[in-house]
Each structure stands twice: as C-alpha cells, then as structure tokens.
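Dear colleague,

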Amino acid sequence: MSQQTKFLLEESQMPKFWYNLQADLPKPLPVVLHPGTMQPVGPADLAPLFPMELILQEVSTEREIEIPEPVREVYQLWRPAPLYRAHRLEKALGTPAKIYYKYEGVSPAGSHKPNTAVPQAFFNKQAGTKRLVTETGAGQWGTSLSFAGSLYDMQVEVFQVRVSYDQKPYRRAVMETYGARCVASPSNETVYGRSVLAKNPDHPGSLGIAISEAVELAVQRDDTKYALGSVLNHVLMHQTIIGLEAMKQMEMANAWPDVVVGCTGGGSNFAGIAFPFIGHGLRGGAKPRMVAVEPAACPSLTRGKYAYDFGDTGHMTPLTKMHTLGSQFTPPGFHAGGLRYHGMAPMVSHCKELGLIEAVAYNQVECFEAGVLFARCEGIVPAPEANHAVKGAIVEAMRCKAEGKAETILFNLCGHGHFDMVAYQKYFAGELTDEKYAESELAMALAGLPSVPEPL
Ligand SMILES: Cc1ncc(COP(=O)(O)O)c(C=O)c1O
C-alpha cells in the first residue's frame, strides 16, 4: 500500500484523562465576577446551575482529570475518532503541504458536542439532577445533550435559536427521538423570552438569548440544572480528548503539525484540538501555530473587545473576561448557527491575549466554497461551522504552495452537514450571500459593556 489514509486507534488506546490547560498557563485566567457584588464568584454561586463535580473541574488547576470509566464506555460508541490524511484535497490544491484532519462527525449527534454532553449528563445524574435545560444554535449541542439525557434517563429541555429552528426542522425531530423537548427561542415560556418578543415578535434569536431562557428555567427548580455546550473551562477540557487522540495518531503517521486549525463559535472544538498541543509546547515541546477561524459576521476574536461581559443577553450569568461583541449584539442569520455567539471562551480569549493562538475571520460564501471542494475530494459534507476550519486549512495549504513549503497542517473537522443541506442548496442556487452586521449595532453593543472597577 503506497499511501495511508486513515490513522485509527484501538479502543484500548483511548485517553483515560482529559487535559487541563490551566495547569500549564504562564499566567492564570482572570477571575469570574459576580455582577451584583463585583467580587470573585465562588462554588456556592454556581451551585444552582451546575453539579459540584463540574464546578470543581471549572476551577481545577490539575493537569489531568480522569475520565470516569462509565463515560469512557459511552465514548466507545464512536471513539477513538479517526484521523485522515487528505491526499485528494492536497492533490486538488497542488500544495506541497500535508493536510490531516480529525473527524468528529462520527459521533451519534454528528459533531464533537457529545464529548462534553455525556460527562455533563453523567455528573448531573450522580448529583441527583432530574432535568437538564440548555440552549442550542445549530442544533448539534441540543441533539448531543438529548442523546446524553436519554442514556441517563433525564428529562432534557432545549431552547433552539429561532433562525436555526426554522432552517433545520429535522434537528428538532432528532432531539425528540432522544426524548427531549425543543422550543424556539425567544419563546413565550420565560419572562425574558416574552420581553424580547414584546419588542420584536419576529426576533431571529441568538445564543445569548437562548442561554438566558435556559438559565431562567434552570434556577427555578432544585431538581433542574443548566448545561452549556461550549465556553466554560470544563466544557473545553472535556473536548481535549480530540487533541489527545490526534497527538497519538500524528505519531502513528510519523508526523507532527506545524499548524493546527479549528473553527470557533464558543471555542470548544478549537480548544479540544489545540489545547493539548499548546500545553505540550508550554512544557518544552514543539510549538505549532494555532489558528482559530471565526465567521466574519460574528467576529468576537478578531473584532471584539477583551473585556468583562455577560455570557447571555438577559444578564443572568456571571461576568467573565473574554473577547466579546457585547451581550446585546445579535449576529445576522448566517448558516453556521453554532458560531453565532457574541463572546469567546475565556480560556481561548486568554490564549489569544498571551499570544498562544492566532485568529482569522472568513465570510460564509468562501467557507461553503471550501466545504464543497472538500466534499468532492474527501467525500464528507462538512457542517457549515466546520467549513470555516476547512477554509482556514486551505488558506494555509495555499500559503505553503506559494512559499514552496511542505508544512504539516492539522485541522478539526468538527461535524458533518447532513442536517444543513438547505444551506448547501442555497449555495448552489447562488442564493447564499455574505451576511453583514451593522457597524452601528456593534458599536452600540460594545458601548453597553458593563463597567468593571480596575484593577482586578
Ligand atoms: C458542528 C459545530 N461546530 C462548531 C460549533 C461551535 O462551537 P464551539 O466553538 O464550541 O466548537 C458548533 C456549535 O453548535 C457546531 O455545532
């Protein structure tokens, strides 16, 4: 056999620990603040929302945290996930670069999201939680938590951002198949949702609004907790299984990345592939470039301000320091619904401030163009979110071609796009356009950032 395409690990080679980048950071993360007191948030403040085990993971500085055996047993339904060498894409691009991609679309939900949905449901079950409430953009996270809830016999309620709810009716059907209930957000089921609808009955929704609705519901009942699909430290840590597996697989391929690329909505799949490599670099290993790719229509890392802000639009969450477009910013209704979030994970933002990662932004049409080329070479139809990573990898490969460099590029193909075919149909019909936000709206949202006393 002349060329190897797939690099597969045995189930016994699946990592038994998640990696916690907090252990290796040269400077600790800024503290999380209570918006009322402006004092650091403690575990007790978070207890109405999350089980204690997840709160402890959120603040842990241990380098490795064990993946409980029952969680590993569930992971085995789809993990270890394959790593591919994109021989045909390389050929189509005529690049000397070697392109590898880790494929997370093999999970039951079709993306990386079950990597954290399963442990979140597991730790909630252990703590006696009966009901989980959450938000979803693209529907990938809602599907994942619905799947995890069904494993542990827990009721799951999902607020799905209105524009995605309308664009992807079959996502809701999958959530219902797993036994969950899915509501379009803004909804009439919460005080906050009703207040948004009163001002604009046709509001397209946003992840920030859906989070407010889910949090409002979660704090009302002791048997109910909130689950977040991205942004938080423990969520990013659960996703590091992606990068930890990829490291082993790159070794199998006798290769090591010069560049690692991932798309960023809240930052979890990017962190999943990037953090183990960043940590390895901080401990004296090779330091690949880390490229976060975000949508130009919701550019938190490239155009946002690094400041304290709310994680939701209704101001029910604590304040975290992150790159933000302002919690009142409503991104236009472009198709990568999972990337329509006003903020970025504090850990990813911190890495950007420390110069450990780079960020770029691309428009949706060029990302679909990249995704279609990828599908025609490699066979997998990427999710619109994943198209951003494909675009980022192709840009790097073309740079290598221009510079005559045979660099190794690794990117995370975080999900398939089988529920996103309406977006592809629009692209082929020439009806997909680059959605733009109004600069005045961004300026207004940034002007509304909470004022936080310095120094912290
Ligand atoms: C396929 C896919 N990729 C990426 C994202 C963005 O989230 P994150 O940046 O946390 O990976 C989502 C979120 O829903 C998604 O569904």
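Helices (H or I, at least four residues) and strands (E, at least two) are DSSP runs in these notes, and they are numbered from the N terminus. Please keep in mind that this is a predicted model, in which local features need pLDDT of at least 70 and side-chain atom pairs count only at pLDDT 80 or more, while totals for chains, interfaces and linings use all residues. Residues are numbered from 1 along each chain as its sequence is written, and side-chain values use heavy atoms, with hydrogens and water left out.

Along the principal axes, the C-alpha atoms fill a box of roughly 60 × 50 × 50 Å. Of the 456 residues, 63% count as buried, where buried means under 20% relative accessible area, exposed means over 50%, and partly exposed is in between (1.4 Å probe, protein chains only). If one takes the contacts (heavy atoms within 4.5 Å) between residues at least 6 apart in sequence, 77% of them join residues at least 24 apart.

Glu58, which is found in helix α2 (residues 52-59), deserves a look of its own. Glu58 is buried yet has no salt bridge, and the nearest side chain of opposite charge, Lys113, is 14 Å away; Lys and Arg count here as positive and Asp and Glu as negative, whereas His and the chain ends are not counted. Leaving aside neighbours within four places in sequence, Glu58 is in contact with Gln22, Leu232, Asn233 and His234.

What, then, of the salt bridges? A search of the whole structure finds 22 of them, each being a side-chain nitrogen of Lys or Arg within 4 Å of a carboxyl oxygen of Asp or Glu. One of them joins the side chains of Glu157 and Arg181 (2.6 Å, N to O). Glu157 lies in strand β7 (residues 155-161) and Arg181 in strand β8 (residues 181-185), so this pair ties together parts that are 24 residues apart in sequence. Glu157 is buried, with a relative accessible area of 7%, while Arg181 is partly exposed at 35%.

Another salt bridge is formed by Asp420 with Lys168, where the closest N and O atoms are 2.5 Å apart. Asp420 lies in the loop between β15 (408-413) and α18 (421-428), and Lys168 in the loop between α7 (162-167) and α8 (169-177), so the pair ties together parts that are 252 residues apart in sequence. Asp420 is buried, with a relative accessible area of 6%, and Lys168 likewise counts as buried at 4%.

The side chains of Arg221 and Asp223 also meet in a salt bridge (3.0 Å, N to O), with Arg221 partly exposed at 37% relative accessible area and Asp223 partly exposed at 26%. Elsewhere, salt bridges that share partners join Arg289, Glu358, Glu396, Arg399, Glu403, Lys405 and Glu407 into one network.

With kind regards
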